[in-house]
Amino acid sequence: MRSACIDIGSNTTRLLVAERAGAGFREVLSRRLFVPLVNGAGRAIDPETVTVVASVVAAHAVVARDCGAERIHAVATAAIRDAANRAALCAAIERESGVRVRILGDDEEARLAFVGATGTLSDPPRGTIGVVDVGGGSSELVAGTVAQGVSWYVSVRVGSGVLTERLVRHDPPTAAELAALRAEAAAAFEGIVAPRAQCAYAVGGSATSLRQLCGDELNPEAFDRALGILAAWPVRDAAGRLSLARERVRLLPAGLVLLRAAAEAFGGLALEVARGGLREGVVLEDFATRAPG
């Protein structure tokens, strides 16, 4: 039994094809293409980007079908959720790919990120777990338990793409730009106090990319070390040294300061970089609704 998820994010369109394996899944294939969805005049995504996104999703759908996926789920997050022309964009995607797009509310986005993060743990704790999902257009903080699911979440309309476009003009970013990023990140989470959690996990493109710099644990020392490197290396050099796409590296300083601010909302807990996130949550929920065959 195979299922696929195409996650149309604010910066990256990702494909996951997975097959059921016991109570979990085994990854068959994973791909990603960087396609920024910046809302322009009137908060509409420009027609050229609509064409590109529809083409990328169609290509992902072909790959998923070739891999034997019985179901293909396409989900969209903040950039499309907030776009004035979201209906036209979703229609273009369905026309090109044959796949209907499900626009996630921030509550669904938070829940699926939690399912994906906790559902891929080999030995999940019984207590309260925190999950931080920093995307390009929004950031979600989630808390809950494996047994009971999500009990609390908050979504803020600030992501790595939003902050980068607003505040970063130099390569590498200047000290003043880094200070502005920190101030904006702190303001975004000001007054948010998450439930006391036993542990916390980070999901999303920024978190997984930071694994190259910090390893699996994002603590204050790791954040400082990573930001120091990103402030010293031009994007081209950092991308080559870290084997990351230049577009992703450009967004990392903003993603990093948002992750750190989110960790503070969880009482300063170190964030473990999770193995699963939104896409994994979608396929896990799909498998849970289908009887093994």
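1. In which strand is the place of Thr 145? Thr 145 belongs to strand 7, which covers residues 139-145; strands (E, at least two residues) and helices (H or I, at least four) are DSSP runs numbered from the N terminus. The model is predicted, and local features need pLDDT of at least 70, side-chain atom pairs count only at pLDDT 80 or more, while totals for chains, interfaces and linings use all residues. Residues are numbered from 1 along each chain as its sequence is written, and side-chain values use heavy atoms, with hydrogens and water left out.

2. Thr 145 has a relative accessible area of 18% and is therefore buried (under 20% relative accessible area, with a 1.4 Å probe and protein chains only). The side chain of Thr 145 reaches the backbone nitrogen of Gln 148 at 3.0 Å. Apart from neighbours within four places in sequence, Thr 145 is in contact (heavy atoms within 4.5 Å) with Phe 114, Arg 126, Gly 127 and Thr 128.

3. Phe 114 is also one of the buried residues of helix 4, among them Glu 109, Leu 112 and Gly 116. Helix 4 has 14 residues (106-119) and should span 20 Å at 1.5 Å a residue; the end C-alpha atoms are 20 Å apart, which agrees. The expected span is 1.5 Å times one less than the number of residues.

4. The largest pocket has a volume of about 780 Å³. A pocket is an open set of points on a 1 Å grid over the protein atoms alone, with protein on both sides within 12 Å along at least five of seven lines, and lining residues have an atom within 4 Å of a point. The lining of the largest pocket comprises 40 residues, of which Arg 14, Arg 32, Gly 204, Gly 205 and Thr 208 lie nearest the centre. Strand 3 gives the most to this lining, with six residues. Other elements that supply at least two residues each include strand 2 (12-21) and helix 7 (205-214). By class, ten lining residues are nonpolar, 19 polar and eleven charged.

5. The structure holds one cavity of 30 Å³ or more; a cavity is a set of grid points where a 1.4 Å probe fits but cannot get out. The largest cavity has a volume of about 40 Å³. Its lining includes Leu 218, Phe 223, Arg 260 and Glu 264. Helix 10 provides the largest share of that lining, three residues. The lining has six nonpolar, two polar and two charged residues.

Technical notes:
Buried means under 20% relative accessible area, exposed over 50%, partly exposed in between (1.4 Å probe, protein chains only). A polar contact is a pair of N or O atoms within 3.5 Å; within protein, one must be able to donate a hydrogen and the other to accept it, and residues adjacent in sequence count only if both atoms are side-chain atoms. Grid points are joined across faces, edges and corners, and a volume is the space filled by probe spheres set on the points. Ala, Val, Leu, Ile, Met, Phe, Trp, Tyr, Cys and Pro count as nonpolar, Asp, Glu, Lys and Arg as charged, and the others, Gly among them, as polar.
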